[in-house]
Amino acid sequence: MNTHPDPLSRATGKVYLIGAGPGDPELLTLKAVRVLGLCDVLLVDDLVDPAVLAHARADARILRVGKRGGCRSTPQAFIERLMRRCARAGLTVGRVKGGDPFVFGRGGEEKQAMARAGIACEVVSGLSSGIAVPASIGVPVTHRDLACGVTFVTGHARADGQPGREPDWAALARCGTTLVIYMGMRTLDSITRALIDGGLPTGTPACAIQNGTRGDQRSVLATVATLAIEVSAAGLGSPAIVVIGEVVRLAGAASQLDLPDESTQMAG
């Protein structure tokens with residue numbers, strides 16, 4: 001008879017994948033605030049505003065596990081091992097990410113890893129930077145007169161060299177939707193050239209927004225042909241969101257575009 005206890009029979013904790021929103025701590029959801037207060041340990045990304053952690057318990061352990069493109073980062077495999085180890089010790093674990101965990105946040109990978117380990121995992125959705133950051137300068141990612149849809153895409157291909165991971169920029173140039181590009185600042189010149197080579201008109205409005213929704217937010221308005229030059233001249237860097245499409249004309253004020261007059265439409 002086997003007298004050794006099954007390690008999985010011990011009380012196992014739970015993992016929450018928590019979206020902290022685009023930067024402004026006031027854009028945190030009510031559910032995220034509640035769940036932060038439940039966690040024994042929080043694994044926090046670099047892009048999470050420190051003010052978000054004011055909602056954590058005073059005795060919660062805070063572990064910084066930042067992942068930034070082009071910088072030394074905590075390996076993903078290590079993060080997942082740490083999540084498993086803490087949960088198997090019976091702790092409630094919060095994996096806190098900027099934006100939304102399932103939008104270029106590796107939340108899908110982490111949820112799969114927890115499922116394989118038999119650990120309960122719940123997603124607490126957050127407001128994605130791809131929507132909130134353009135809105136911070138008055139740019140809607142969809143508009144009935146200007147854009148029938150929006151395409152979210154990463155400009156940062158996987159570092160492991162797997163095939164098929166680079167976006168098809170020529171296809172995106174023809175798709176007719178607003179393009180919202182995450183993690184595209186390092187390759188912005190090649191991205192815009194690929195879009196133009198794919199048929200996107202050189203005069204298509206474009207913008208880049210650094211540190212969106214935060215107090216140190218900066219932005220550049222240009223065209224797809226000049227955006228990389230303007231960004232370089234302004235010294236903008238990551239983290240940033242790039243938006244390409246006719247909706248960028250609405251940045252700042254709707255009066256920049258000749259839209260139908262609402263009072264006339266109502267009178268008709």
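**Around strand 4**

Modeller: Let's begin with Arg95, which lies in strand 4 (strands are DSSP E runs of at least two residues, helices H or I runs of at least four, both numbered from the N terminus). Bear in mind that this is a predicted model, where local features need pLDDT of at least 70 and side-chain atom pairs pLDDT 80 or more, while totals for chains, interfaces and linings use all residues. Residues are numbered from 1 along each chain as its sequence is written, and side-chain values use heavy atoms, without hydrogens or water.

Arg95 is buried, at 1% relative accessibility (buried is under 20%, exposed over 50%, partly exposed in between, with a 1.4 Å probe and protein chains only). Its side chain makes a polar contact of 2.9 Å with that of Asp45 (an N or O pair within 3.5 Å, one able to donate a hydrogen and the other to accept it; sequence neighbours count only through side-chain atoms on both sides).

Five strands form an open sheet in the order 3-2-4-1-5, with parallel pairing (a pair needs at least two DSSP bridges). Strand 3 (61-64) and strand 5 (120-124) are the edges; each has a single partner, so one side of each lacks a neighbour in the sheet. From one strand to the next, the twist averages 20°. Strand 2 (residues 41-44) runs parallel to strand 3 and is joined to it by four bridges; in strand 3, Leu63 is the bridge partner of Leu43.

Helix 2 (residues 76-88) lies across strands 1, 2, 3 and 4, at about 155° to strand 4 (contact is heavy atoms within 4.5 Å; angles run from 0 to 180 degrees between N-to-C directions of lines fitted to C-alpha atoms, for helices over the stretch in contact). Helix 3 (residues 107-116) lies across strands 1, 4 and 5, at about 175° to strand 1.

Phe104, Phe152 and Tyr182 form one aromatic cluster, with two aromatic pairs counted (ring centres within 6.5 Å; planes under 30 degrees apart are stacked, over 60 edge-to-face, the rest tilted). Phe104 and Tyr182 make a tilted pair, with centres 4.8 Å apart and 55° between planes. Phe104 sits in the loop between strand 4 and helix 3 and Tyr182 in strand 7 (residues 178-182), so this pair ties together parts 78 residues apart in sequence. Phe104 is partly exposed at 37%, whereas Tyr182 is buried at 9%. Phe152 and Tyr182 have ring centres 6.2 Å apart and planes at 70°, so that pair is edge-to-face. Phe152 belongs to strand 6 (residues 150-154), 30 residues from Tyr182, and is partly exposed at 33%.

Conventions
Rings of Phe, Tyr and Trp (its six-membered ring) pair if their centres lie within 6.5 Å; planes under 30 degrees apart count as stacked, over 60 as edge-to-face and the rest as tilted.
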